[in-house]
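Here's a quick briefing to read with the model open beside you.

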Amino acid sequence: MQVANLSRFISLRPLRPLSFSVAAAAMDGNDSCSLVLCGKSSVENDTAKRLKNANVLKLPDDSPKVSLFLASEIKNLDDDDSFNLSLFMNSLSTSRFGRFLIWSPRLSSTHDLVSHNFSELPVGSVCVSDIQFKGRGRTKNVWESPKGCLMYSFTLEMEDGRIVPLIQYVVSLAVTEAVKDVCDNKGLPYIDVKIKWPNDLYLNGLKLGGILCTSTYRSRKFHVSVGVGLNVDNDQPTTCLNAVLKEISPAASILLKREEIIAAFFHKFEKFFVLFLDQGFKSLEELYYRTWLHSGQRVIVEDKIEDQVVQNVVTIQGLTSSGYLLAIGDDYQMYELHPDGNSFDFFKGLVRRKI
């Protein structure tokens, strides 16, 4: 259906808030990408006003034009099955992360948005989209993420480059713990989300989501953009939290909501991040190992001897200080395992280094 560009409505007479249905329809157009800005407190809402007035938020060059709106400018914003800004903000209990939110019903990539505008946004800002049509992943693969999937990216800063690679493990752990917390708070059965190293989330043997972390170095700090995708209410292409919940408890009338999960995530992540910076990943290792899939796992590594590739079996023990897999061979020699970089599956083509 052909729809008018949202900017036409604004240029007429912006005295009344736009209805959500009109705004959402216009936002689906290919010639513009509209973003709604809101905050937890007056401080973040002032930031939203400043960013809108300055019109500084951009997407990469080949992306649609960006139009900015304040949440207060659009009425009936929490209609339908779109992300409920009020529910998220009311559920949020953090001092820094998630307090400034950018939402779009349809966006090329939340990760591109926060990484491209990192310097313009407060640290801890988050971008959420209902539909993502150029989702980012490792090895530069892209895909379209459907409605029902919780897709968000947020920003953080770090000074010690040696521990930047470990932040993906902190994020993964915060996601799994957030799901547990929401289930507990709602009186729902336990859902055991697991971590597949290095950055995938699994449930009942199927991929449920993933983590993407990228960074740049500027002004003596690492600017880290973190992306999370989690299947909450979309059972395709693999599985989702609510589908498993219905299997466990068919009579359950209460389901998990994206807004509650992301709010619980930031609550967990903020605590974990402080621990991580103060005490290192050791402070989270025990919980991480209880959550991942790999303790005692036997894997094949490939050694190149002259012109031949020889395969050997080692047993995973944990993580090294640099974030790679720690394993022991049948000869009791300890090894650090690295992906060979040629396979989409990290556990195919592993190479080892003695430590």
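**Salt bridges first**

Let's start with Arg 162, which is exposed at a relative accessible area of 67% (exposed means over 50% relative accessible area, buried under 20%, partly exposed in between, with a 1.4 Å probe and protein chains only). Keep in mind that this is a predicted model, where local features need pLDDT of at least 70, side-chain atom pairs count only at pLDDT 80 or more, and totals for chains, interfaces and linings use all residues. Residues are numbered from 1 along each chain as its sequence is written, and side-chain values use heavy atoms, with hydrogens and water left out.

**Charged pairs**

- Arg 162 forms a salt bridge with Asp 160, with 3.0 Å between the closest N and O atoms (a salt bridge is a side-chain nitrogen of Lys or Arg within 4 Å of a carboxyl oxygen of Asp or Glu).
- Asp 160 itself is partly exposed, at 27% relative accessibility.
- By that rule, the count comes to 16 salt bridges.
- Another of these pairs is Glu 157 with Lys 221, whose closest N and O atoms are 3.5 Å apart.
- Glu 157 sits in strand S8 (residues 149–158) and Lys 221 in strand S12 (residues 221–231), so this pair ties together parts that are 64 residues apart in sequence. (Strands are DSSP runs of E with at least two residues, helices are runs of H or I with at least four, and both are numbered from the N terminus.)
- Both ends of that pair are partly exposed: Glu 157 has 25% relative accessibility, and Lys 221 has a relative accessible area of 31%.
- Arg 352 forms a salt bridge with Asp 303, and here the closest N and O atoms are 2.6 Å apart.
- This pair links distant parts of the chain, with Arg 352 in strand S17 (residues 351–354) and Asp 303 in strand S13 (residues 298–305), 49 residues apart.
- Arg 352 is partly exposed at 24%, whereas Asp 303 counts as buried at 16%.

- S13 and S14 run antiparallel and are joined by eight bridges (two strands pair if DSSP finds at least two bridges between them).
- The two strands form a hairpin with two residues between them, and Glu 306 in the turn has a positive phi of about 55°.

- Helix H3 (residues 42–54) has 13 residues and reaches 18 Å from first C-alpha to last, close to the 18 Å expected at 1.5 Å a residue (the expected span is 1.5 Å times one less than the number of residues).
- Which residues of H3 are buried? They are Glu 44, Thr 47, Ala 48 and Leu 51.

**Two loop residues**

- Asn 117 lies in the loop between helix H5 (110–116) and strand S6 (126–136), yet it is buried, with a relative accessible area of 3%.
- Apart from residues up to four places away in sequence, Asn 117 touches Val 56, Leu 57 and Lys 58 (contact means heavy atoms within 4.5 Å).
- Tyr 324 is in the loop between strand S14 (308–319) and strand S15 (325–329), and is partly exposed at 31% relative accessibility.
- The C-alpha atoms of Tyr 324 and His 338 are separated by 6.5 Å, with the two residues 14 apart along the chain.

**Cysteines**

- How many disulfides does the structure hold? It holds zero (a disulfide is a pair of cysteine sulfur atoms within 2.5 Å).
- The sulfur of Cys 33 is 8.2 Å from the closest cysteine sulfur, in Cys 127, so it is too far for a bond.
- Cys 240 is in no disulfide either, as the nearest cysteine sulfur, that of Cys 149, is 9.7 Å away.
- Cys 33 is buried at 3% relative accessibility, and Cys 240 is buried at 3%.
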